[in-house]
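User: Can you walk me through this one? I'd like to go residue by residue, then look at the ligand and the core.
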Amino acid sequence: MELQIKNLRKIFRTDSVETVALNDVSFTVTDGSFVAIMGPSGCGKSTLLNILGLLDNPTGGQYLLDGERVDNLKESQRTRYRRGRIGFIFQSFNLIEEMNIRDNIMLPLNNLSIPSEEKKERVEMAMKRMGIAHRANHYPSQLSGGQQQRAAIARAIVARPGLILADEPTGNLDSKNGLEVMELLSELHREGSTVIMVTHSQRDATYADRIINLFDGSIVETLNDRL
Ligand code: ADP
Ligand code: MG
C-alpha cells in the first residue's frame, strides 16, 4: 500500500498538560517498502504507528492510504477499514488470554465475508507458517514469548493485509527469537507487503530499505541508502 503523510500533528491533552507528540511530520511510503522508524523513548514512534494503523486519529494534517483520506474517520469506520488491509504487531503481543491460539488468530477473519472452511484453512496455514500449529489449543500464557509473538504475527497476517505495522516486534524477545521474527517480517516484505516497523535495534533496522529517525515529535533524518 502507498502511504502519504502530510504535516501530521498529534497533541494529547489531559486536564492540565498538553503534549505535542507529533509536530509537522511529512513523508511518503511507496508500495512494497520496508521502513524502520527509530528514535529515543518518548519521541512519538508509537503515536505515529498507531495513527498509520488507524488505531488513532491525528490532531491535524493529512493521511492518505492508496490515495484515500483516512485521517478523519470515526472509530467504527477505522475498524472497518483496518479489516483485511492492515495487520498490527505489538511489542507486548496483545493476545487475548481467554482465547486459545487458534481463536486468537481467527479474530481478524471473523467479520470478513469468506467461507468458514476457508477461514479455518487460513488459520491452520498461518499457524503452520509460524511454527505454532502444535500450540493451537493452548492459551497464550502457556506459550513462550517467542511463540506468543509468532502467534501475534500469524494473527496480523491471516487476513493477508497489504500493510503490516510492527511496534518494537523484537523488544520483548531474546536475540534468537528476535532474529527469527525479523526473518519472517523480511519474508512478508519480499512477498509484496508494505512493512513499517518501530525499533531500537540497529540489527533490526538493517532489514529495512529506509530508516526514518524521529526526535521530539519531528523527523530529523530519513536514510534510504539501500534504495
Ligand atoms: P515512543 O513510542 O517513541 O516511546 P510515544 O509515541 O509512546 O513515544 O509517546 C510520545 C509522547 O506522547 C510521550 O511524551 C508520551 O508521554 C505522550 N503520550 C503518548 N500517548 C499518550 C496518551 N494516550 N495520552 C497522553 N500522552 C501520551
Ligand atoms: Mg513506543
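User: Where does Gly 145 sit?
Analyst: Gly 145 is in helix 5. Helices here are DSSP runs of H or I with at least four residues, strands are E runs of at least two, and both are numbered from the N terminus. Before we go on: this is a predicted model, where local features need pLDDT of at least 70, side-chain atom pairs count only at pLDDT 80 or more, and totals for chains, interfaces and linings use all residues. Residues are numbered from 1 along each chain as its sequence is written, chains are lettered from A and ligands numbered from 1 in the order in which they are written, and side-chain values use heavy atoms, with hydrogens and water left out.

User: Is Gly 145 buried or partly exposed?
Analyst: Partly exposed, because its relative accessible area is 28%. Buried means under 20%, exposed over 50%, and partly exposed is in between, using a 1.4 Å probe and protein chains only.

User: What does Gly 145 touch?
Analyst: Phe 93 and Leu 173, not counting residues up to four places away in sequence. Contact means heavy atoms within 4.5 Å. Gly 145 and Phe 93 are 52 residues apart along the chain, and their C-alpha atoms are separated by 8.5 Å.

User: OK, Phe 93 then. Where is Phe 93?
Analyst: In the loop between strand 6 and helix 3. Phe 93 counts as buried because its relative accessibility is 8%. Its phi is near 70 degrees, a positive value in a residue other than glycine.

User: Which backbone nitrogens lie by the side chain of Asn 100?
Analyst: There are two to look at. The backbone nitrogen of Arg 102 lies 3.2 Å from a polar atom of that side chain. The backbone nitrogen of Asp 103 lies 2.8 Å from a polar atom of the Asn 100 side chain. A polar contact is a pair of N or O atoms within 3.5 Å; within protein, one must be able to donate a hydrogen and the other to accept it, and residues adjacent in sequence count only if both atoms are side-chain atoms. Leaving out residues up to four places away in sequence, Asn 100 touches Ala 136, Asn 137, His 138 and Tyr 139.

User: Switching to the ligand. Which residues surround ligand 1?
Analyst: Phe 12, Thr 19, Ala 21, Pro 40, Ser 41, Gly 42, Cys 43, Gly 44, Lys 45, Ser 46 and Thr 47. A residue counts if one of its heavy atoms lies within 4 Å of the ligand.

User: Which element gives the largest share of that shell?
Analyst: Helix 1, with three residues. Strand 2 (18-29) and helix 1 (45-52) each supply at least two.

User: Which polar atoms are by its oxygens?
Analyst: A ligand oxygen is 2.7 Å from a polar backbone atom of Gly 42. A ligand oxygen is 3.1 Å from a polar backbone atom of Gly 44. For Ser 46, an N or O atom in the side chain is 2.9 Å from a ligand oxygen.

User: How much of ligand 1 does the protein cover?
Analyst: 60% of the 560 Å² of accessible area that ligand 1 has on its own. Areas come from the Shrake-Rupley method with a 1.4 Å probe; for residues, only the protein chains shown count as cover.

User: Now the core. How many residues are in the largest nonpolar core?
Analyst: 40. Phe 34, Ile 101, Ile 105, Ile 132 and Leu 185 have the most contacts inside it. A nonpolar core is a set of buried Ala, Val, Leu, Ile, Met, Phe, Trp, Tyr and Cys residues joined through side-chain atoms within 4.5 Å.

User: Which element gives the most to this core?
Analyst: Helix 5, with six residues.

User: What is Leu 185 in contact with?
Analyst: Phe 34, Ile 89, Ile 164, Ala 166, Pro 169, Val 195 and Met 197, leaving aside neighbours within four places in sequence. There is also a second, separate core of 29 residues, which includes Val 29, Cys 43, Tyr 63 and Leu 165.
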